[in-house]
Amino acid sequence: MLLLAGDLTDYGLPEEARVLAKELPALRIPVAAVMGNHDLESGKSDEVRQILVDAGLIVLDGDACEMLGIGIAGVKGFGGGFGKRALGPWGEAIIKQFVREAVDEALKLEAALARLRTPQIVALLHYSPIQQTVDGEPLEIYPFLGSSRLEEPLGRYPVSMVFHGHAHRGKPEGFTKNGVPVYNVSMPLLTRTFADRPPFRVFDVPVDAPALPAAAAARGRRATDAVAS
């Protein structure tokens, strides 16, 4: 299967979505995606989403699906920062609204994870749930690259691995505090990190066994491709 971790367009324009939509029928494997911040830039995300869905792309937004025996829970996510330095809902209404958006995205992720009963579960995000995979970015923009609130649902369900994009100068790999592997599959990062290969990563996930320990979660028999723009 192919998983796309958001930023399916540059400016969130329908004509950009149609370019991707023309390419999708050539794929002979299932494809699922979440939207990224670029896809919301022009305020036409509903139209962009519909164009891609009509072309056969599964676009997840707090939804879950099963593909080839693997459960996929997807959500865009949001910012707010990480750990003790995460933004709290205090002060001006606009700050509370910002934090509320992150909380709502985390709740959507939890609802999607709760729907899955497959032995292996993959979480697909655009924003990062941990700081490790954004390290290397300018410190000033950490709060806009992800949120620890997205990490909380990942610890309550047997998630095998997590993919996200968005952090172009971050690190390719990290772990949640519960040991779930997190992979930053932002295309600029993959292009720079793996200069000798195409900008996507390939993982094998077993579909006929209980959820793997975190250290072994990327081994098995079923291939999962992950890429983000």
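Residues are numbered from 1 along each chain as its sequence is written, and side-chain values use heavy atoms, with hydrogens and water left out. Because the model is predicted, local features need pLDDT of at least 70 and side-chain atom pairs count only at pLDDT 80 or more, while totals for chains, interfaces and linings use all residues.

The protein contains five helices and 11 strands. These are DSSP runs, numbered from the N terminus: H or I of at least four residues for helices, E of at least two for strands. The radius of gyration is 17 Å, close to the 17 Å that the globule rule gives for 229 residues, so the protein is as compact as a globular protein of that length. The radius is taken over C-alpha atoms, and the rule is 2.2 Å times the number of residues to the power 0.38. The C-alpha trace spans about 50 × 45 × 40 Å along its principal axes.

Buried means under 20% relative accessible area, exposed over 50%, and partly exposed in between (1.4 Å probe, protein chains only). Of the contacts between residues at least 6 apart in sequence, 68% join residues at least 24 apart. A contact means heavy atoms within 4.5 Å. The accessible surface is about 10,900 Å², and carbon and sulfur atoms hold 55% of that area. Areas come from the Shrake-Rupley method with a 1.4 Å probe; for residues, only the protein chains shown count as cover.

Helix α1 covers residues 14-23, and its buried residues are Pro14, Glu16, Ala17 and Ala21. Seen down the axis of α1, they fall within an arc of 155°, so they line one face of the helix. The arc is that of the directions from the helix axis to the C-beta atoms. These buried residues pack against α2 (45-54). The face turned away from the buried side carries exposed Val19, Lys22 and Glu23.

Asp7 lies in the loop between β1 (2-5) and α1. Its phi is positive, about 55°, although Asp7 is not a glycine. Asp7 is buried, at 5% relative accessibility. His166, in the loop between β7 (161-164) and β8 (173-175), also has a positive phi, near 75°. The relative accessible area of His166 is 12%, so this residue is buried.

Ser148 sits in the loop between β6 (121-125) and α4 (151-154). Ser148 counts as buried at 17% relative accessibility. Residues up to four places away in sequence aside, Ser148 touches Gly81, Phe82, Gly83 and Pro129.
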